[in-house]
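Welcome, and please open your viewer. We will walk through this structure one selection at a time.

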Amino acid sequence: MDISVREVEERGFVTIDSYLDPDSIDLLIADINTLDLTSGRAGIRNILELVPSVSKLARSQEIRALVEPILGDTARVVRGIFFDKQPNANWKVPWHQDLSIAVKQHLDLPDYHPQSIKEGVPHVQPPIAILERMLTVRIHLDRTDESNGALKVIPGSHRQGKLTTPQIDEWKQLNRAISCNCQAGGVLLMRPLLLHSSSIATTPSHRRVIHLEYADRPLDKGLEWYY
Ligand SMILES: O=C(O)CCC(=O)C(=O)O
């Protein structure tokens, strides 16, 4: 088994540094800059619809080469979010697992609850088996470390299903968090169930990340992925 596949299975994440070249990063930044990000927003939820070069990247061989060894060749991108932590939007996120998926429409299905709407997009919490088969690809457009609020993770925490609040507290107390530091162009692959958080930047500058989620099959019971 490829070393990064094994790391994702066992630790829930792997970082691949300097994966995208500087020219590709500059082009992505230029395209994203055409959107209005001046209002201090922490991010943009539907980046795949808004920026064609991001949806092209999400389907590119370069990114599929990272996803397919883990999810297989039926994998496809199902959600894309752009995050930026910057001086006028310097935010933090407490320890959590990613439990929601974006869907085309809400259906009244007992296993897909709770339902919510995030920036106009319907979301649901699916059965854990669906989240266990997903992969998140985070593409860094800037160097990131503790000083600009890099993502922190707790290795192995993705293997216990959905954690309760006391279980999350226990994981925090008994395990060392790792800061996923990398250079611009670096990629973090992670399982959505991996416990993660991020702190306020102490030296705020841009910390731009394209966050893509992949799934290996269609949803069932009439439910459809949003993207
Ligand atoms: O980018 C970050 O700092 C946090 C992102 C996050 O919490 C998430 O994707 O669930």
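Here is the tour, beginning with a word on the model and its numbering.

This is a predicted model, in which local features need pLDDT of at least 70, side-chain atom pairs count only at pLDDT 80 or more, and totals for chains, interfaces and linings use all residues. Residues are numbered from 1 along each chain as its sequence is written, and side-chain values use heavy atoms, with hydrogens and water left out.

Stop 1: Select F83, W91, V93, H96, D98, R138, L151, H196, S198, R207 and H211, the residues around the ligand (each has a heavy atom within 4 Å of it). Now colour the strands β4 (93-96), β12 (196-198) and β13 (207-215): each gives this shell at least two residues (strands are DSSP runs of E, at least two residues, and helices are runs of H or I, at least four, numbered from the N terminus).

Stop 2: Next comes D98, where a polar side-chain atom lies 2.7 Å from an oxygen of the ligand. For R207, the distance from a side-chain N or O atom to a ligand oxygen is 2.8 Å.

**Stop 3: a salt bridge.** Finally, select R191 and E9, whose side chains form a salt bridge at 2.9 Å, N to O (a Lys or Arg side-chain nitrogen within 4 Å of an Asp or Glu carboxyl oxygen). R191 is in the loop between β11 (187-190) and β12, while E9 belongs to helix α1 (residues 3-11), so the pair links distant parts of the chain, 182 residues apart. The whole structure has 10 salt bridges.

Methods: A polar contact is a pair of N or O atoms within 3.5 Å; within protein, one must be able to donate a hydrogen and the other to accept it, and residues adjacent in sequence count only if both atoms are side-chain atoms.
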